[in-house]
Structures are given as structure tokens and as C-alpha cells.
Amino acid sequence: MAVTGHVTGVEPRLLEVDRLVNSHTLHGSESLCRLLRYLADHAIRHPGVALKEYQIATEVFGRPTEFDPQLDSLVRVQAGRLRSKIADYYASEGAEDPILVELPKGTYALTFHPAMASTKNLVRSVPGPDEDRSRPRPRRTSRVLLILSILLLLSLITTAWLLAGRIISSRSSSVDESATPSAFRVFWRAFTSGPDASWIIFSNGAFVGRPETGLRYFDPGRDSREAISDHYTGVGEVLAVYDLNQVFTQMHHQVRIKRGSLFSLDDAQSNNLIFVGSPAENLSLLDIPSTHHFVFQRATSGPRKGDLAIVNINPRSDEPKMFFASASRTPLVEDYAIVGLVPGMNSARSVLILAGTTTIGTQAAAEFVCRQDSLEQLLLRLSVAENGQMKPFEAVLHVKVARGVPVGTELVALREVAR
């Protein structure tokens, strides 16, 4: 991998990678940042040596040694996402960077190139004093005509610009809509078709104590309700809210964000709602229409007694009765999450539930509905009317976790729901 021009040595390339990792474009994408640093390190230390999917899957995303790239597209999907993010970065905040980082399609070999000089920095040469004196001076009349011509031209350009602005403004909504992937338009139709903002309600569990001395869940048997601290939430919920806001921003639709402890039934009657977090912490879900085929319950017996699980009310022959995350007091390597689109208390409204048995599962559920590839897979398995209307559904996701990050998500159970 040759780096030409003024870009020499390792440091400028690593500095550019740091710019990408710390950029707004890649903010919150921990798995993509980890992949970017890995590819950059390999490209610099081992130029010309090809990387294999298996190597990336096991060393970056914590996949087990039996990983099969033919059955698991994780690396290809993540590389595609990273490629798209890099392009977005250089089209916006990285437009003036001295080095360009690229991940060519069909390869995992990161490349570095010196940025081309921007056209706005090209300055036309100005004749020197001697050359200027040698030219005949134009007559005063010619100067006046030139100035008047320039003013007339500027007036015409300004008029045309104002007219074009009006045309663009009147058509902006249709242009923006066509630029949005169809999978997003279909899935999010119920939440973006009207003028009202949808509500994102995130879980915030009831804790007692203080961060500096230790927090624990509120126990109604021994704790006073006055001692509750309800202003803490999980990292998965935070990242989920961020991803959802990004999607709605892309679709030019506003959202309002509220913590679960402040949610009221009046909100449920008059708004489309997106609940982030399980009923174990988002207690508001207990008071509104929720999922019926897959529900959260704690095991009352057996070796997992007390652990939160997703109960499969009517399991099919190839499905388990209960979906459990990794056992408590063991490293979290897998989780399960529910994605449910159900009718609201007001039949004209919709409720979307994104909830894992842990905060990492919640994060994975939000990522699932915020990515084009996973939405396309989901829509292929759902009934969508010719007018784009999608039926309510309930789904269970299996989430693989490595170092506290969801690195793979698989749809393992699905039910369509009648309105």
C-alpha cells in the first residue's frame, strides 16, 4: 500500500484514523470504530497482506473458532456499514482533511491517499506590476459599461436563484422521500405519515443509593419510595435513542424523548410511541397494550430461577419455551430481545417495543430497526399491502455479545398480529 505525495510515515495515517473515530459520523458506533482501527493497524503493519473474514470475525467481533463466513455475514455487513460511514465523513466534516481513508468494495484492505487540492484554494495568477503597466489603460466609458454589465448579470443571477429556491423548496419533501430507502419508508410509515412527533420512551429503573456509595434496585419490601433515584438508564438505551433519532432525522420527522417514569396514559392515547427497554425497568409497558406472543417474565423455578426471560406463549416445534440471556454472574455473551409493533390504546396510533432482557439486547433491537439490511430481511418475512401498509408483528432476536457490544443479531421467532 503505497502512500504518495506529502503523506509519509505512519503518524499522519494514524492521526487520520483518530479523526474518523472521534468524528460525529462514527459517534456511538463502537463496533465500527474497533473494525476501523484493526484494519488500519493491519494495513500499516502488514501492507499487501490480505485479511480473511474469519480473522476479522474472531479477532474483532469475538466470534468463536467455529465461525463460518458462509453462514454468518457479520463481517461483510459491518464492512459495508463502515464503508458507508467513511464516505459520509468525507462528504461532510472530513472534507478538508489532508488524507483520505478508503475501504474499496470487495476487500478488507484499508487504503490511504493524500487529498486532492480543493478547487476553492486555486487562485488565478495576477499579473505583476511591470506587466500591468505595459497594458493599454481602457477608456473610462468602457469601465462604466463593464461595471453596469456586471451589475445586470448579478441581478439576473439573483432573480434566477430566488426562483430556483422557491421551486426547490416546494419539491423538497418529495425529493427527500425518494432519497430515503424504501425499507425505511415502509417500516416507519405509521410513525412518520402524520405531522405529529412520535414519542421515544426510554426505561429508567428505580434505584436506591448513590453512585459514589453504590446503587441497587429498589426493593418495595424494605425501601421507602422517597428514596428512589429514577434518573439512571443503561448504555444500551442511550445508544438506542441515538440511533432512533438519527433515523427520524434522516426522514425529516421530529421525535420527542421522555423517560419512562414521567410517562402518562394521556401520552399513550394521543401519540405514536416507541418504548426502549424491557418492562422490568420500563414499568410504563405494564399499563398499555404490549406484546402477547412473546412476553417478559422471571423464571419461577429451575436452575435459572429469578432470571428474566422472554416467554414464548405458543412455541412452534422448532422453538424453545423460554429465551434466556447468559446466566447471571457469568460473562454476557448472548442476549434475547423483542421487537414488537402493536396497535396503541388509540387504534389510530401505533406502539413499537424495543426491549432486551439486558441493556445490550435493547441496543441490538434498536440497531435492527435502524439498519436498512436488517429491515429488508424483516419485511421479506412480513405481509405488506400494496399501499405499503404493514401488519403488526412480534419478533424475537438472538443477540451475540462480545466485550459488552452486540456483534451479531438473528431473527429467531416471528408472529404477525391482527389489528
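This is a predicted model: local features need pLDDT of at least 70, side-chain atom pairs count only at pLDDT 80 or more; totals for chains, interfaces and linings use all residues.
## Helix H11

In H11, the buried residues are Ile-360, Gly-361, Thr-362, Gln-363, Ala-364, Ala-365, Ala-366, Glu-367, Phe-368 and Val-369. The helix is thus described as mostly covered, with 10 of its 11 residues buried.

## The largest pocket

The largest pocket holds about 1400 Å³ of space. Its lining is made up of 47 residues, and those nearest the centre are Arg-81, Cys-370, Arg-371, Gln-372 and Asp-373. By type, the lining has 20 polar, 14 nonpolar and 13 charged residues.

The largest share comes from H4, which provides eight residues.

## Cysteines

Cys-370, one of the residues nearest the centre of the pocket, has a relative accessibility of 14% and counts as buried, because the cut-off for buried is under 20%. Cys-33 is buried too, at a relative accessible area of 12%. Across the whole structure, a search finds zero disulfides.

## The seven-stranded sheet

Seven strands form an open sheet in the order E6-E3-E7-E12-E11-E13-E14, and their pairing is mixed. At the edges are E6 (255-259) and E14, each of which pairs on one side only. From one strand to the next, the twist averages 15°. In general, strands of a sheet pair through backbone hydrogen bonds, either parallel or antiparallel.

Strand E11 (residues 334-343) runs antiparallel to E13, and eight bridges join the two. Within this part of the sheet, Asp-335 stands opposite Val-399 of E13. His-398 has Glu-410 in E14 as its bridge partner. The hairpin of E13 and E14 has two residues between the strands, and Arg-403 takes a positive phi near 55° there.

## The three-stranded sheet

Another open sheet has three strands in the order E8-E9-E10, with antiparallel pairing. Strands E8 (294-298) and E10 (322-324) stand at its edges; each has a single partner strand, so one side of each is left without a neighbour in the sheet. On average, neighbouring strands here are turned by 35° against each other, with direction ignored.

Strand E9 (residues 308-312) pairs with E10 over three bridges in the antiparallel sense. Ala-309 stands opposite Phe-324 of E10.

## Pro-104

Pro-104 sits in the loop between strands E1 (99-102) and E2 (111-114). Is Pro-104 buried or partly exposed? Its relative accessible area is 32%, so Pro-104 is partly exposed; that class lies between the cut-offs of under 20% for buried and over 50% for exposed.

Pro-104 and Ala-79 are 25 residues apart along the chain, and their C-alpha atoms are separated by 9.9 Å.

Note on methods: Residues are numbered from 1 along each chain as its sequence is written. Side-chain values use heavy atoms; hydrogens and water are left out. On a 1 Å grid over the protein atoms alone, a cavity is a set of points where a 1.4 Å probe fits but cannot get out, and a pocket is an open set with protein on both sides within 12 Å along at least five of seven lines; lining residues have an atom within 4 Å of a point. Grid points are joined across faces, edges and corners, and a volume is the space filled by probe spheres set on the points. Helices (H or I, at least four residues) and strands (E, at least two) are DSSP runs, numbered from the N terminus. Ala, Val, Leu, Ile, Met, Phe, Trp, Tyr, Cys and Pro count as nonpolar, Asp, Glu, Lys and Arg as charged, and the others, Gly among them, as polar. A disulfide is a pair of cysteine sulfur atoms within 2.5 Å. Buried means under 20% relative accessible area, exposed over 50%, partly exposed in between (1.4 Å probe, protein chains only). Two strands pair if DSSP finds at least two bridges between them. Axes are lines fitted to C-alpha atoms, for helices over the stretch in contact, and angles run from 0 to 180 degrees between N-to-C directions.
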